[in-house]
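Please read it with the sequence at hand.

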Amino acid sequence: MPQTEAARIETAPRTRLRWWTELPLIILVYGCYSAGRLLARGDVSDAVGHGLAILRAEKLLHLNAEQPLNRFLTREAWIGVPADFWYASLHYLVTPVILVWLFRSRAAQYRRARTWLMTSTFIGLIGFTLMPTCPPRLLSAGHGFVDTMAQYSSYGWWGGQASAPRGLGGMTNQYAAMPSLHVGWALWCGVMLWRHGGTRTAKTVAVAYPLVTALVVMGTANHYFLDAVAGVAVMGVGLLLTPFVTRVAERVGAALAAQAAAVTGRSHAAGSSIVSGGCQTSAGERIPRQRAARAGSGAEPSASPEDAGDGAPEWGLRGSSEVESLGKAR
């Protein structure tokens with residue numbers, strides 16, 4: 001029987017997904033992402049030094065593709081303005097849309113996909129904290145980069161400080177360039193579309209979206225090429241850690257559920273206490289412990305159950321009258 005119970009517990013389906021539990025979780029992770037970018041500002045000189053080190057490494061390896069891309073977007077407004085809109089908008093629109101789509105139509109795959117995205121995001125926050133990096137657009141003009149977000153700010157809602165709305169640039173960390181979570185999240189979206197889209201169009205978008213995002217973040221001078229590579233690496237590490245994180249989350253959830261059930265059980269037990277204090281009433285007794293009280297007052301131990309009821313006083317009167325009649329007869 002215990003083996004049957006254990007087997008039934010192991011094969012029981014997982015808790016059904018509820019949007020009112022998933023939505024606060026997503027908001028919490030995004031809040032941590034935003035707060036982490038804001039708090040992990042680091043020293044400006046260190047951030048500039050890290051940016052220059054990345055740029056030197058790319059030039060040494062002939063990987064500095066961001067410079068020609070940036071010159072092209074700066075010169076051609078017809079492509080530069082859409083690229084800025086791409087950078088400022090899709091990062092915050094496409095990812096939630098993919099999450100909602102998976103939640104509604106691919107519930108079996110949603111939990112793992114959500115855990116992968118969240119784990120990778122927290123790894124990225126560690127990178128922002130440990131290695132604040134100045135993006136190319138904030139380097140001195142002698143390095144040849146132009147901030148296209150500032151150049152084309154009159155076309156959109158953003159100002160000259162990253163992709164934040166105009167006037168709110170001080171609420172973002174402009175030195176959170178390594179790794180590029182723009183590229184990392186776009187890669188996640190592409191994998192989800194490729195695996196679960198099911199159509200040729202979905203697979204085409206799955207390939208195009210992360211590739212175009214990588215070109216945009218470099219062309220707008222918001223990230224280096226190695227930032228994009230680091231974003232891909234972060235997603236890879238997050239994917240490897242997803243099974244472990246899932247197991248830990250399930251154990252924590254089970255422990256919390258068991259603790260809540262125990263608290264509920266104790267409250268029910270306290271609310272249903274026995275009025276009689278554990279005493280049992282035998283046949284003919286209406287008050288608990290009546291026999292003990294009667295035995296203490298001199299009642300015969302062999303008295304029948306009927307003698308212990310409300311008729312006990314009546315028996316005493318009847319017994320005394322019978323004794324008097326016997327005396328007279330003698």
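N70 sits in helix α4, residues 66-75; helices (H or I, at least four residues) and strands (E, at least two) are DSSP runs, numbered from the N terminus. The model is predicted: local features need pLDDT of at least 70, side-chain atom pairs count only at pLDDT 80 or more, and totals for chains, interfaces and linings use all residues. Residues are numbered from 1 along each chain as its sequence is written, and side-chain values use heavy atoms, with hydrogens and water left out.

N70 is buried, at a relative accessible area of 0%. Buried means under 20% relative accessible area, exposed over 50%, and partly exposed in between (1.4 Å probe, protein chains only). A polar atom of the N70 side chain lies 2.8 Å from the backbone nitrogen of V146. Leaving out residues up to four places away in sequence, N70 touches G144, F145, V146, T148, M218, G219, T220 and A221; contact means heavy atoms within 4.5 Å.

Helix α9 has 20 residues and reaches 28 Å from its first C-alpha to its last, close to the 28 Å expected at 1.5 Å a residue. The expected span is 1.5 Å times one less than the number of residues. Just after α9, A221 takes a positive phi of about 65°.

E58 belongs to helix α3, residues 44-61. E58 is also buried, with a relative accessible area of 0%. Apart from neighbours within four places in sequence, E58 is in contact with L63, N64, E66, Y224, F225 and L226. E58 and L226 are 168 residues apart in sequence, yet their C-alpha atoms are 7.6 Å apart in space.

| Residue | Helix | Relative accessible area |
|---|---|---|
| N70 | α4 (residues 66-75) | 0% |
| E58 | α3 (residues 44-61) | 0% |

A nonpolar core is a set of buried Ala, Val, Leu, Ile, Met, Phe, Trp, Tyr and Cys residues joined through side-chain atoms within 4.5 Å. The largest has 21 residues, of which I98, L102, W188 and M192 touch the most other members. Elements giving two or more residues to this core are α5 (77-105), α6 (107-130), α8 (181-196), α9 (200-219) and α10 (225-271). The most come from α8, with seven residues. I98 touches W188, C189, M192 and L193, not counting residues up to four places away in sequence. A second, separate core of 12 residues includes L73, A83, Y87 and M149.

Definitions and conventions. A polar contact is a pair of N or O atoms within 3.5 Å; within protein, one must be able to donate a hydrogen and the other to accept it, and residues adjacent in sequence count only if both atoms are side-chain atoms.
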